[in-house]
Amino acid sequence: MVEAVLFLFALGSGCGLILSFASKIFYVYEDPRVEKIEGLLAGANCGGCGFAGCSAAAKAIVNEEAPPNACILIGPENVSEIGGIMGAEIGIAEPLKSYNTCDGGNRATDRFYYLGLNSCRALASMYQGKRDCRVGCLGLGDCVKACGFDAIHLGPDGYPVVDKEKCVGCGACEKVCPKPILEVRSISQRLLHLNAEDDALAPCSQTCPAEIDIPRYIAHIRNGEYADAVNTIRERNPLLLACGRVCPHPCETKCRRGLADDPVSINQLKRFAADWEMNSNKRLPIPCAPDTGKRVAVIGGGPAGLSCAYFLRRAGHRVDIFEAMPKLGGMLRYGIPEYRLPKKVLDWEIDGILKLGVESHTNVRLGVDFDFKSLIAAGFDAVFFSVGAWNDYKLGVPGEDLNGCFTGIDFLAKIGNETPVKIGKRVAVVGGGNTAIDCCRTLVRKGVEKVYLVYRRTRKEMPANEVEIVAAEHEGIEFVFLAAPNKVVGNEDKQVVGLEYLRMELGEPDASGRRRPVPVAGSETILDVDMIITAIGQSSDMSFRGKGDRLDDVRVTRWNTFDVDPATCKTNVPYIFAAGDAATGPALVVDAIGGGRKAARSMDLFLKGKPVEAQPKQLLNKHIAESIFKSVEGVTKKKRAEMPELPVAERIHTFEEVDLVISEDNAQNEANRCLSCCRLCYNMDVQISG
Amino acid sequence: MAKTIAQEFTKGLWNEIPPFRLVLGLCPTLAVTKSVEGGIGMGIATTFVLLFSNALISILRNIIPPKVRIACYIIVIATFVTVVELLMQAYTYAIFRQLGIFIPLIVVNCILLGRAEAFASKNKLLPSIADGLGMGIGFTLSLASLGAIREIFGYGTFYGMHVFGPSFEPFTFMVEAPGAFVCLGLMLCLMNLAGGK
Amino acid sequence: MREIIKMVVVLTILSTASGGLLAALRNSTQERIDLQVLQFVKGPAIKKILEGAANDPITDRFAIADGETQRSFFVGKFNGKANVVAFEDFGTGFGGNVGLMVAVDVDTDKVVGIAATTHNETPGFGASIETDKGFTGQFVGMPITSAPKVTKDGGKINALTGSTVTSRAACAAISKAGEAYQRLKPEIQKQLKTFSG
Amino acid sequence: MGDLLVLMISCILINNILLAQYLGNCPFLGTSKKMETAVGMAMAVIFVLVMAGVITWVLNVYCLKKLGIEYLQTISFILVIAGLVQFVEMFLKKSIPALYAGLGIFLPLITTNCAVMGVCLINIKEEYSFIEALVSSFAYAAGFGLALILFTGIRERVLLARVPKPLQDTSIGLVTAGLISLAFYAFKGMV
């Protein structure tokens, strides 16, 4: 009797003491929710949930690998309490959701008639799949069987449809799917996924430098789900209002519809969706991942900087943008004139990004107002350079410094900044790019009598967007082709009075594939102008380098851009990344946006301590060969929606926006022209409504 | 939302009947169901422990510090298991012998800890008793039915009485380990069919 | 710190109380358990081999210390004289220990009968040691010290069909019993005298 | 030495703890859905079972028997095993995180694994010597691991098969286990 009591007394107190001290000595930090949830689990460690004990199950629940009802022992109250712990802090945890990337279903052609086991996995392991398409959904529904939460069913077209409400992100479907179709990803994983060779991508999406899922948003527009369309675009491009207006839409060149009649007017649809959101006067919510506690400095608040900041912020990092100009937007604000992208539209868009919690500091120039060392000292974990290309090339002819000579970007920036500029009566703009055209069209609106565009090749070789050239022609700009400026003629007041140029003729094609212009001897001609704007190209201003800090170690190319790995946007200094014009040289806004996202992915990896490596099978805007067709069949021809614009007579006197948004009906019609392409399949004969 | 005590009792008999609905406590289920007698004996022993541990834990639920609650539950359960062990030794020795080490092993039966944690630790005394009793009886019924099937086919007897007459060639497979697994598997299947799970 | 103290205190109190409860229960059931163990484990075997004894061998028993362990001896009175003792020894069989109750006539030192007490042998094979009179009968009448062996090992005992291991265990148990008997014979005779008359 | 070998083989194959002794079935069904989990579980069981076997043997011989309170076996064993497992878990987590990642997370699952408690009780019941207890603990655990890994291999395959709805999951798992058990039955003639 006594022994028994004493023995158990000793055993009980011994166990208690040892364990409680051990729990202090061997204390390891854990997510506090793990302990809370473990407290709600049965503690029987029976393994019925398939995890290794209750603490493992609790961890899995916290990591969103298991649903709150994983434990088979506890009652509904505990389940809802666990749900509460997870749900009450929903802003902190990023839920994983299953996404179906293939909606090919029954329109994907079969290679053979399959009579075997009713299982995707069996079919895939024996025959690699019956579909013509390498990634196409087999539609036998392994994912449906694997889903323990009844969240997947096969849709009417025989491809899986995920019920986002029921999906808990357990990943069972992704595991059984033998193809890369069902993906269980968190928001940031989705945001930062770059196009890969295995993805189910339409030609347009492959072409888009921002990698927007174009067929998906067009399908949303077709179905009248405009908010979903906006969200789909925003997964890849935070500047949809701007892009919808200024993007030269390279995607449309690869549109399969273009093989049958005209390409779908993708960009107008994007603009339609974007304007729908702005005009609805309420912003769609943009969820962000839980705070990671890492800080990033973004140098340059242009499209690349804004895009990178936006994606990093959504991935949970804290971002500060440093901008040399008075306002954010970079070239969008200072390079693109008001009539193409109204400032209030841009402000609304940038505001949306800042509202996510991105800090901005304007009127501060790196190397002048602050230096790199102070940035690092301030505790930033990584720095992103998107300083753009703001230095105009010089013509290199005599008289270039006379009064009345301007450079393109400088001029546009001054106009954008509303700095007073003395504008002449007759102006020559040198160059054939978009900047030159922007200058011309701006000058027209400033009341200039005559605007010449002086270009040393022909119209065919002009790098500017076709629509812009056409618009400029409409607005009465005179093109002087095959003319190379030779000298700026000035008077005794050092005021420009003319531009002397040499006539050229086209010779052999050069490295860029354009025929090289050759001067015709003795063909000097003088153009009677009192103002000259040279817009023949830009490079980055790297004057912040050479201050004896780590920036000096960053390699720079001979074109004065950051030498970055194109797949990751990382420089040779681990914590410095760069994208946009500062890394690629002058390029499209949408290139900068895509670059910003690519850099954000690398920086996210870097900030999370993972190796910064290129994503496997990254597409990098190459095309998947099998998806580029020579012709499409089964398509009824239908005209493309025309873009409404202000009449010329009206627009040349004002900076009112020229291009207008298409009507909802037109948007619907245009969306219906989309073939909903994927890698190989497309909707043969689109039912045209209305 | 609040269930009546009767409901707490009856849920263990069908809706959540262990080990079929709650696939737990398999070891004793498989090991002691060579005969109806063994099954019932084990069932009663488990019910006894379940009933008293549920009751005691329900009484102590506000005293036990949450961090060591599992350890406390284990002590309570182990105590009642030992009580059962001693009582069975003293009064029903034949069954005790048949059940062997599975009596002390009641202590690690997940059902007990499971009920303690999931139910008794947050409910009042009466519902906890009802829950324990219901689950226990459900468990007993399961064991008895499994035992009956295995005994009838394996030995040709039911509760020791011959069913098929002396000429019956016993299907020994059923009372051996493989038979136990297969039999339980098929019964689960039947339950799924019946319950339309 | 206060939390730790509370945890330790609760655990300690709980386990101590449990110890007290169990010890009390043990004390009050001990005698009954011992009796039950004898009746159920040894009882049937003793009754079988001491069939026709004038007394109840289970009540007429004594214990002798053999080294560290206590051996129980059960007395059988035949012809008014307490001249047969039954005791148990073990051999290692297929499924663990095989317990064998051996009855010896103290006057002649010959085996009166043997019977299995505890075993865990395969049903249909080794387990038939319980029922196979042909097997157990072979030992009757042989001197307890003769250390029998099965035919396979060069002895005379015909093994149970298909269960050489179990049969070997039985032989080993008898050999061990013989050794113990020789060791303890004087003491046994002394004790037996108290039962005579 | 020979005896120990026989003991070992009989514990691994003939009296396989899962398939012949019906012990440890809950984690057997619970952790056999994925191979990684199964391997981790098997290793953890070997680790804990050897430790628990040794400690409970010592506890039984030097405390319980000495004090004559063997009836407290159940309560003291479970307390010691639970405490030990928790202690080892905390220790591994802090000191050897690599090992913890591979094996530690399975430790709590073992506290209520009847295989562990069962083997400790068998060791006592069979009155094994210290060495025998050590060998049998290891061998039983190895047998557990063997059966678990074999079973998981089959179960992963069964996932592919078209199983009638009511038979799915645990039900087919049990039938599969029965067939493996039948296969192990053949070892009965080995010793």
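Reader: Is the crossing of α20(A) and α21(A) left-handed or right-handed?

Author: A crossing is left-handed if the near helix is turned anticlockwise from the far one by less than a right angle, and right-handed if clockwise. The crossing of α20(A) and α21(A) is left-handed. Helices here are DSSP runs of H or I with at least four residues, strands are runs of E with at least two, and both are numbered from the N terminus. This is a predicted model, in which local features need pLDDT of at least 70 and side-chain atom pairs count only at pLDDT 80 or more, while totals for chains, interfaces and linings use all residues. Residues are numbered from 1 along each chain as its sequence is written, and chains are lettered from A and ligands numbered from 1 in the order in which they are written.

Reader: At what angle do the axes of α20 and α21 of chain A cross?

Author: Two packed helices are described by the angle between their axes and the distance between the axes. Axes are lines fitted to C-alpha atoms, for helices over the stretch in contact, and angles run from 0 to 180 degrees between N-to-C directions. For helix α20 (residues 434-445) and helix α21 (residues 466-474) of chain A, the axes cross at roughly 25° and come within 10 Å. α20(A) is therefore roughly parallel to α21(A); angles under 35 degrees count as roughly parallel, over 145 as roughly antiparallel, 65 to 115 as roughly perpendicular and the rest as oblique.

Reader: Which residues of α20(A) and α21(A) meet?

Author: Two residues are in contact if their C-beta atoms, placed from the backbone, lie within 7 Å. From α20(A), A:N434, A:I437, A:C440 and A:R441 meet A:E468, A:I469, A:A471 and A:A472 of α21(A). By class, this contact has five nonpolar, one polar and two charged residues. Ala, Val, Leu, Ile, Met, Phe, Trp, Tyr, Cys and Pro count as nonpolar, Asp, Glu, Lys and Arg as charged, and the others, Gly among them, as polar.

Reader: Which residues have the most contacts inside the largest nonpolar core?

Author: A nonpolar core is a set of buried Ala, Val, Leu, Ile, Met, Phe, Trp, Tyr and Cys residues joined through C-beta atoms within 7 Å. A residue is buried if 20 or more other C-beta atoms lie within 10 Å of its own, exposed if 12 or fewer, and partly exposed in between. The largest core has 171 residues, and A:F384, A:V429, A:C440 and A:A578 have the most contacts inside it. Helix α23 (residues 589-607) of chain A supplies the largest share of this core, nine residues. A second, separate core of 151 residues includes D:C26, D:L64, D:L103 and D:L174.

Reader: How many residues of α10 of chain A are buried?

Author: Seven of the nine residues of helix α10 (residues 214-222) are buried. They pack against α9 (203-207), α11 (226-234), α14 (266-279) and α25 (664-673) of chain A. After α10(A) comes A:G224, with a positive phi near 75°.

Reader: How many residues do chains D and B give to their contact?

Author: Chain D gives 36 residues and chain B gives 35. On the chain D side, α9(D) gives the most, with ten residues. That side has 24 nonpolar, eleven polar and one charged residues. Between chains D and C, five residues of chain D are in contact with six of chain C.

Reader: How many helices and strands does chain B have?

Author: Chain B has eight helices and two strands, in the order α-α-α-α-α-α-α-β-β-α along the sequence. Of its 197 residues, 63% are buried.
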